[in-house]
Amino acid sequence: ATVYKGNKYTSGQSTPNPALRDSINVEECVRVNAPDTGLWTLRVYGANVATAADQRFAWTLTGDVSPVSLTHDVGATAILAPADTVDYGDSLQPRAIVRNWGTEDESFDVWLWVGNGYAASRTVRVSAGEVDTVDFDEWYADSLGLFVTRCSTALATDENPANDWLTDRVYVRPL
């Protein structure tokens, strides 16, 4: 349960620092000289990503490591609509992007909420390693204000629930 965030060192190895992150450097490094045996989780979070599309990244692991392949892992990667600001009275089709990171083709439910007044779901089938755009029933911007949007995937056998949820917001402005 130790958290390391890149580029913080003491005596030649990474210092546990869950409260700090390096948002300046595009390359991050974590070094653990004598890692415990067992399953380690590597999470990559993009800061200030200027596109709704996936941000590509890569990582390198060295040493006596063996990859663990998750066979069942789906998740939400983006809420495409509603996004940013919409005009009062507009109607639009909510959309989200989901991904199957697993090694098996999966059928699963995808839910999308806008505030407390809209909820819709779809069942999708996504091949292993692929992404899909999910369209939901029409949403009407019939209330003014700032609304939280949430997207969730539901797969009973999901081995990584950390990527199942996304939240964003939309502002409905007066005409």
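## A hairpin at one edge

Val110 stands opposite Arg122 in E8, within a pairing of strand E7 (residues 106–114) and E8 that is antiparallel and extends over 9 bridges. Here strands (E, at least two residues) are DSSP runs numbered from the N terminus, and two strands count as paired if DSSP finds at least two bridges between them. E7 and E8 form a hairpin in which 3 residues lie between the two strands, and Gly115 in this turn has a positive phi of about 55 degrees.

## Basis of the model

The model is predicted, so that local features need pLDDT of at least 70 and side-chain atom pairs count only at pLDDT 80 or more, whereas totals for chains, interfaces and linings use all residues. Residues are numbered from 1 along each chain as its sequence is written, and side-chain values use heavy atoms, with hydrogens and water left out.

Asp87 has Arg173 in E12 as its bridge partner.

## The three-stranded sheet

An open sheet of 3 strands, with antiparallel pairing, has the order E3-E6-E9. Its edge strands are E3 and strand E9 (131–135), each of which pairs on one side only, and the twist averages 25 degrees from one strand to the next.

E3 and strand E6 (residues 95–100) pair in the antiparallel sense over 6 bridges; within E6, Arg95 stands opposite Ala81.

## A nonpolar surface patch

Leu42, Val44, Phe57, Trp59, Leu61 and Val65 form a nonpolar patch on the surface, with about 620 Å² of accessible area together. Patch residues have over 30% relative accessible area and no salt bridge, like charges being joined within 9 Å and nonpolar side chains (Val, Leu, Ile, Met, Phe, Trp, Tyr) within 5 Å. Areas come from the Shrake-Rupley method with a 1.4 Å probe, and for residues only the protein chains shown count as cover; a salt bridge is a side-chain nitrogen of Lys or Arg within 4 Å of a carboxyl oxygen of Asp or Glu.

Val65 is found in the loop between strand E2 (13–14) and strand E3 (74–81). With 45% relative accessibility, Val65 counts as partly exposed, a class between buried (under 20%) and exposed (over 50%).

Conventions. Helices (H or I, at least four residues) and strands (E, at least two) are DSSP runs, numbered from the N terminus. Buried means under 20% relative accessible area, exposed over 50%, partly exposed in between (1.4 Å probe, protein chains only). Axes are lines fitted to C-alpha atoms, for helices over the stretch in contact, and angles run from 0 to 180 degrees between N-to-C directions.
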